[in-house]
Amino acid sequence: MNAMQGLLDGFQIAFSLEGIMFVLIGVAAGTLIGMLPGLGPITAIAIMIPMLYGMDPTLAMVLMAGVYYGAVFGGSTASILLNAPGISGTVATAFDGYPMAQQGKAGQALAIAAISSFTGGTVSIVLLMLFAPALASVAVSFGPVEYFALMFMGLAAISSLSEGSTMKALISGVLGLMAVTVGIDAQTGTPRFTFGNANLLEGIDFLVVALGLFAIAEVAFLIKNRNDDSLAKTQNIGSLKLTKKDFKEMRGPLIRHSPLGFIMGVLPGAGATVSSFISYITEKRFAKKPDEFGKGSIKGLVAPETSNNAATSGAFVPLLSLGIPGSGTTAVMLGALLVLGINPGPLLFQDHPDVFWGVVASMYVGNLFLLVLNLPLIPYIAKILKIPRPLLISLVVMFCIIGVYSISFNVFDLYLLLIFGVIGYLFRIYSFPAPPFILAFVLGGMMEQSLRQALTISNGDFIIFLESPIAIGLFAVSILSFAFPFFKNRRVKKAR
Amino acid sequence: MLKSADRKISVVLIALAIGYLILSYQLPPYEFVPVDSDLMPKALGYLLIALAVGLFFTGKSDADEDKKEESTTSKSETPALLAVTAMVLAYILLLEVLGFVIVTVLFVFFCSWFLGYKKFKVNATVSILFPVILYYIFNYLLQIRLPAGILPF
Amino acid sequence: MRKLIFLSLLVIVMIVAAACGDGEQASDEEEGEFTPEESIEIVAPAGAGGGWDTTARSAAQVFDEEGIIDQDIGVVNKEGGGGSVAWSYINSQEGSPYNLFVSSPPLIFVPLNGQTELTYEDFTPIANVIADYAAFAVKEDAKWDNLNELFDDMKEDPSSITVVGASSPGSMDHMQFVKIAKEAGVDVTKIKYVSNQEGGALTDLLNGSVDVYSTGVAETVEQVKADKIKVLGVTSPERLEGDVLETFPTAKEQGIDATFVNWRGFFGPPDMDESAISYYEEKFKELSDSEAFADIRSKYGWSEQFIGHKEYKEFLAEQTEELTSLMEELGLAE
């Protein structure tokens with residue numbers, strides 16, 4: 001069966017009444033789940049599995065996929081409005097999205113996020129459709145050596161996330177790396193820094209750190225400044241309209257991060273979270289005005305928001321073409337496919353082309369739905385900011401607590417949330433940037449583990465890192481990105 | 001004075017790094033891997049010390065920024081912050097004891113009231129409606145069980 | 001007001017979503033001495049989506065849909081400490097007939113690793129329902145065609161072969177390989193094992209970073225069908241059923257007299273009442289015999305292995321003893 005025919009069949013499924021209904025339910029439920037801080041697509045899909053029993057496999061996949069990319073789409077809302085990331089993939093969205101909302105441009109920020117999500121999602125579906133079988137080999141091309149190089153590249157850019165003192169950014173990053181060493185070490189089974197507390201054995205959950213460092217710390221800040229009238233304009237939602245200039249700003253990152261996010265999504269283990277961070281820092285690294293990042297830069301919002309949605313479609317490549325789940329969410333989907341009587345594996349594409357094409361076609365429809373549903377709702381959703389501040393503060397705390405509780409059902413994590421809230425608050429008081437901490441936390445664990453996996457494989461010989469062309473390429477980019485700002489500075493100075 | 005804030009932090013960080021290093025050196029060895037679980041923590045510990053020492057001596061360049069942040073800190077708000085922290089702590093402590101609905105209603109109502117929200121009716125409506133609806137959505141529609149506590153449903 | 005409308009819209013969407021999967025209820029009178037009078041909680045000691053969660057949710061679903069148990073059954077996820085957070089919670093519910101949990105070999109590994117004080121003896125084993133087995137896979141074009149060839153090479157040059165699994169050393173994927181390799185005469189302290197917990201273990205095998213993949217049988221089937229990997233041996237006592245599964249040679253038939261079972265069963269808190277134990281034992285037997293559960297088993301590639309309360313205790317004692325000596329040899333037991 002050729003691709004065109006497959007896609008046509010797929011659209012037939014996607015445009016059937018049932019198809020449209022399931023896409024709609026999926027993306028609507030996904031958006032909501034994404035908006036609620038903490039509650040993410042993994043939990044939602046795992047809970048849906050018993051309900052899927054006996055359903056048509058294609059429609060069930062359409063539904064689950066809708067929940068997944070719907071959640072990534074919706075996750076940006078809470079990040080932008082409340083600094084409380086809805087899902088882990090939208091933490092980086094808050095870096096510039098929240099400052100924009102603070103400047104009274106909430107409507108604009110949400111519109112930009114929606115357009116970026118839509119673009120990232122749609123472009124990556126085209127890539128998925130055209131290259132899925134071919135990309136299967138890309139998905140397996142990354143071993144421990146390459147992952148180490150990739151994570152190293154991300155961490156090398158930490159200093160670029162500073163908003164003042166590079167020293168403070170580096171300290172923040174090192175603290176993030178330290179936080180991620182808590183828990184059982186995967187390579188040896190040794191518990192590290194757990195103080196004999198069973199609650200710490202599995203390490204600290206990423207969302208606990210993110211919600212604490214960003215949302216709770218922000219709440220504390222709002223309480224501190226609650227009588228400060230200069231904050232009044234944050235209640236403005238601003239116009240939804242984007243100017244020509246805005247679109248011009250958006251064009252570059254949209255073009256760059258759709259494919260970048262997609263490729264990162266294809267790599268098992270990287271996924272939406274890692275891709276959004278890598279996109280953010282590369283965009284900042286090579287930006288003409290890196291100083292604007294973190295202060296409401298449009299580029300800084302577009303990059304992660306395009307990337308995480310593109311990565312979501314990318315994650316379907318290893319799942320549908322190889323039967324390898326590249327992320328937590330796709331792992332749960334793999335389980336769901338089993339329940340539906342479909343064995344996900346390299347033969348899925350051959351045996352059940354309808355599933356593949358049905359999902360792909362539904363994703364076009366779903367992304368369009370998301371855009372059409374979300375854009376008109378933005379003025380209403382943004383009204384959240386009109387809620388009187390005292391009430392808003394209490395509700396944000398409540399949502400953070402439900403969110404964290406529904407991840408682990410463990411009260412201990414709530415105390416951790418509070419502790420990271422305090423840390424985040426102290427960071428702000430003493431002007432330590434929080435983004436390096438969270439970036440190091442995301443990339444650090446995988447960097448350490450892949451480093452040590454590689455060294456176990458090579459019996460301790462470091463030469464293994466120079467035997468992979470991909471790794472060498474990534475190391476070269478790290479060095480280049482490290483050197484780039486220096487060159488630029490010199491040029492700027494000369495010009496002066 | 002401002003410079004000393006950074007210096008104090010750097011001392012705290014060095015203390016933290018030393019504590020972390022002591023724990024790192026106590027990690028039990030595992031013989032079957034070339035690089036053990038202690039390498040990364042030790043490296044991080046020393047790196048943090050080095051950076052903290054660096055901060056101690058370079059604190060000056062950040063002084064301007066600190067000034068800006070510091071000036072907005074109105075000392076009178078510290079009690080409010082502590083009070084809200086205490087409320088959140090109580091919320092967490094009682095969550096599984098009294099159940100989600102009761103504690104959340106109390107927290108949202110009193111926290112909003114404490115922070116200066118005076119419209120009692122709206123406050124009461126919101127603080128009752130939100131937790132109840134959320135509890136219903138989570139427990140019955142999403143099948144995610146939030147703690148019921150002393151309420152029978 | 002607009003907010004309210006919006007909110008009620010959300011609720012409607014949620015209801016529609018949930019209604020699509022509503023199961024019907026049937027009733028069944030129970031004659032036993034113990035009948036549950038409040039809702040029953042089954043704890044999955046991990047987050048949503050894992051093996052424990054899947055087992056617990058599918059059991060709860062069959063109990064409900066087949067009308068085996070009338071009471072409302074809720075699955076509760078309690079994550080943390082590789083299960084130990086949930087275990088101490090259940091342990092504190094002494095005597096309660098309404099708090100069950102699902103467990104598997106980590107209930108033996110985690111205490112042996114010294115990460116919890118609790119062992120299976122601190123709970124009431126009710127019934128085992130599922131057996132899952134391990135498979136050791138290599139790339140399709142690997143030079144080994146059976147376990148003995150692999151193990152011979154490992155004896156000769158252990159540093160040239162790397163094994164990958166998803167769990168850390170001293171837990172399932174590692175110990176299942178160690179157990180079989182030891183029986184074959186490999187020096188188990190020389191086995192190179194790396195753990196890939198980010199879902200990349202199979203990828204590492206496919207791209208040649210590692211040589212052997214230690215995993216569950218179900219994970220290998222589709223890859224074998226597509227000629228990407230081959231399974232050198234499985235750890236079941238006899239050949240498994242199923243058109244691909246039955247082609248996998250067991251370790252036993254290759255002359256290696258060892259098996260490893262990833263059992264999965266249900267436990268209650270300590271000091272459960274005898275009548276409650278026999279009630280649940282009977283119910284789990286009914287579950288295990290039901291067609292609906294057989295269907296779920298075959299979909300996930302699990303085997304049936306019902307073990308009742310008394311025999312389950314003996315079974316667990318045996319398993320613990322075997323694994324203890326193995327882990328002591330590796331210096332992993334505390």
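Modeller: A polar contact is a pair of N or O atoms within 3.5 Å, and within protein one of the two must be able to donate a hydrogen while the other must be able to accept it. Please keep in mind throughout that this is a predicted model.

Biologist: How many residue pairs are in polar contact between chain A and chain C?

Modeller: The count between chain A and chain C is 14 residue pairs, where both residues have a pLDDT of 80 or more. For salt bridges across the interface of chain A and chain C, on the other hand, the rule finds 0.

Biologist: Which helices of chain A supply residues to the side that touches chain C?

Modeller: Those that each supply at least two residues are helix 2 (17–35), helix 3, helix 14 (328–339), helix 16 (353–381), helix 17 and helix 19 of chain A. Helix 3 of chain A gives the most to that side, with 7 residues. If you sort the residues of the side of chain A that touches chain C by type, they divide into 39 nonpolar, 20 polar and 3 charged.

Biologist: And what area do chain A and chain C bury between them?

Modeller: They bury about 4600 Å² between them, with 62% of it on carbon and sulfur atoms. Leu32(A), Tyr53(A) and Glu202(A) supply 12% of the area that chain A buries against chain C, which is more than any other three residues supply. In terms of contacts, 62 residues from chain A and 55 residues from chain C take part.

Biologist: Why talk about area at all when giving the size of an interface?

Modeller: The size of an interface is often given as the accessible area lost when the parts come together.

Biologist: OK, switching to the other partner, how many residues of chain A are in contact with chain B?

Modeller: Here 63 residues of chain A are in contact with 70 residues of chain B. The area that chain A and chain B bury between them is about 5800 Å², and 78% of it lies on carbon and sulfur atoms. On the chain A side, Met178(A), Phe193(A) and Lys224(A) lose the most area to chain B, together 10% of what that side buries.

Biologist: What about salt bridges across the interface of chain A and chain B?

Modeller: The rule finds 1 salt bridge across that interface, and the side chains of Lys168(A) and Asp6(B) meet in a salt bridge with an N to O distance of 3.1 Å. There are also 6 residue pairs in polar contact across the interface of chain A and chain B, both residues of each pair being at pLDDT 80 or more. The elements of chain A that give two or more residues to this side include helix 8 (166–180), strand 2 (191–192) and helix 9 (206–224). Helix 17 of chain A gives the most, with 12 residues, and the residues on this side divide into 39 nonpolar, 15 polar and 9 charged.

Biologist: Stepping back, what is chain A built from?

Modeller: Its secondary structure comes to 20 helices and 2 strands. The radius of gyration of chain A is 22 Å, close to the 23 Å that the globule rule gives for 496 residues, so chain A is as compact as a globular protein of that length. Of these 496 residues, 70% count as buried.

Biologist: Which residue forms a salt bridge with Glu448(A)?

Modeller: The partner is Arg192(A), and the closest N and O atoms of the two are 2.9 Å apart. This pair links distant parts of the chain, since Glu448(A) is in helix 19 of chain A and Arg192(A) is in strand 2 of chain A, 256 residues apart. Both Glu448(A) and Arg192(A) are buried.

Biologist: Last topic, are Lys299(C) and Asp295(C) in chain C buried or partly exposed?

Modeller: Lys299(C) counts as partly exposed because its relative accessibility is 22%, and Asp295(C) is partly exposed as well, with a relative accessible area of 32%. Their side chains meet in a salt bridge with an N to O distance of 3.6 Å. Both residues lie in helix 10 of chain C, 4 residues apart, which is about one turn of the helix.

Conventions
Residues are numbered from 1 along each chain as its sequence is written. Chains are lettered from A and ligands numbered from 1 in the order in which they are written. Side-chain values use heavy atoms; hydrogens and water are left out. Contact means heavy atoms within 4.5 Å. Buried area is the accessible area (1.4 Å probe) that two parts lose on being put together, summed over both. A salt bridge is a side-chain nitrogen of Lys or Arg within 4 Å of a carboxyl oxygen of Asp or Glu. A polar contact is a pair of N or O atoms within 3.5 Å; within protein, one must be able to donate a hydrogen and the other to accept it, and residues adjacent in sequence count only if both atoms are side-chain atoms. Ala, Val, Leu, Ile, Met, Phe, Trp, Tyr, Cys and Pro count as nonpolar, Asp, Glu, Lys and Arg as charged, and the others, Gly among them, as polar. The radius of gyration is taken over C-alpha atoms; the globule rule is 2.2 Å times the number of residues to the power 0.38. Buried means under 20% relative accessible area, exposed over 50%, partly exposed in between (1.4 Å probe, protein chains only).
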